[in-house]
Amino acid sequence: MPAYRFCRTDDIALLVDALNRCWSPYFPGEPAVTPAAFKRSIRDLQVWCSSCMVAFSGSDAIGVLIGAKRPSGTLVHTIAVHPDHRRQGHGRHLLASLGSKLAILGPPRIAAEVPESLAPACGLFSASGYVQEALLTDFVLQREENDAREAASEDHRGRFVIPVTVDDLAANGLLGEDHPQVCWERSVETLTARKDDIAGLAVASDERIEAYLLYVDSGGFAPAAEIVSLRSFVEDGGARLKQLLSRLRAKRTGTLQFPKVHPAEISKECLEALGFRAAGAHRLYAARARADLERPFGRDVTFRGRCGTV
């Protein structure tokens, strides 16, 4: 008889073991989850142990759900069932239990960012009462030979690029309530939590910051970068954003990644005009927590809402 329980703050070791037992078999090439990595997810993504669950058969973990929580809602970040225990309704039960708890304690909104390629996972959330709100698109941008020349040319036109930090943007009121809707991993909360890992560039006039780009270096043989925020406050047909991208690409030999872009964040047409191309997509599902969120039939699935890994 399986047993399910929500976790406590002192259950990090249990959750790490459950992830490695239930999640890792599907992705043997990925490094094992460590307590340090899990603690980083608590810091960066606001993973809450009390929003996480483990399913047991005897003393063995056979399923795990990792939930992250903010005042605005809860994100189902990871859900996995051990391969030997699939198609027994454990994934469905984990989702339904989280919904029942949040119906009482809140916040009422539950969301999941599911890779579009994982049809069973998309089917589970749809059948469980979740509604697709938007399609989050993964974009990539290749380096071009004339990036350095273009960046210098823009500087000669009087638009200068300066380094900028997350704290600089916050101090100028550019990370406030008017920040556009973005995926969980590039929200203002995550940018603030990861500020020591994030670098930035901005186009600045004598009076204000007119556009900015924040990124995280991904290192490797061909140094690349992941863009975590890209905004312009001037209607210029994308000229300032192009200047920032040219400057960044001049310093990186690898591909720039811009994952999970919400259509309300920046338009697909604008990004394509800047040279980006779509490389993948995630469906943003959302539901309002209720005690009867469980669906009438089961299908165990596995997915993790981490960009580019599923």
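**View 1. Gly-238 in the loop between strand E10 and helix H8 of a predicted model**. Gly-238 sits in the loop that joins strand E10 (224–232) to helix H8 (239–251), where helices (H or I, at least four residues) and strands (E, at least two) are DSSP runs numbered from the N terminus. With a relative accessibility of 11%, Gly-238 counts as buried, buried meaning under 20% relative accessible area, exposed over 50% and partly exposed in between (1.4 Å probe, protein chains only). Because the model is predicted, local features need pLDDT of at least 70 and side-chain atom pairs count only at pLDDT 80 or more, while totals for chains, interfaces and linings use all residues. Residues are numbered from 1 along each chain as its sequence is written, and side-chain values use heavy atoms, with hydrogens and water left out.

**View 2. The largest nonpolar core**. A nonpolar core is a set of buried Ala, Val, Leu, Ile, Met, Phe, Trp, Tyr and Cys residues joined through side-chain atoms within 4.5 Å. This core has 29 residues, and those with the most contacts inside it are Leu-15, Leu-19, Phe-38, Val-47, Val-54, Val-64 and Ile-66. Helix H1 (12–22), helix H2 (35–45), strand E2 (53–57), strand E3 (60–70), strand E4 and strand E6 (131–141) each give two or more residues to the core, the largest share, six residues, coming from H1. A second, separate core of 22 residues includes Val-161, Ala-211, Ile-227 and Leu-245.

**View 3. Buried residues of helix H4**. Within helix H4 (residues 119–127), Ala-121, Cys-122, Leu-124 and Phe-125 are buried. Viewed down the axis of H4, these buried residues fall within an arc of 160°, so they line one face of the helix; the arc is that of the directions from the helix axis to the C-beta atoms. Just after H4, Gly-129 takes a positive phi of about 95°.

**View 4. Backbone features at Arg-87, Pro-107 and Lys-260**. Arg-87, in the loop between E4 and helix H3, has a positive phi of about 60° although it is not a glycine, and at 61% relative accessibility Arg-87 counts as exposed. Lys-260, in strand E11 (residues 256–261), likewise is not a glycine and has a positive phi of about 50°, but at 0% relative accessibility Lys-260 counts as buried. The peptide bond from Gly-106 to Pro-107 is cis, with omega near -5°, and Pro-107 lies in the loop between H3 (90–105) and E5.
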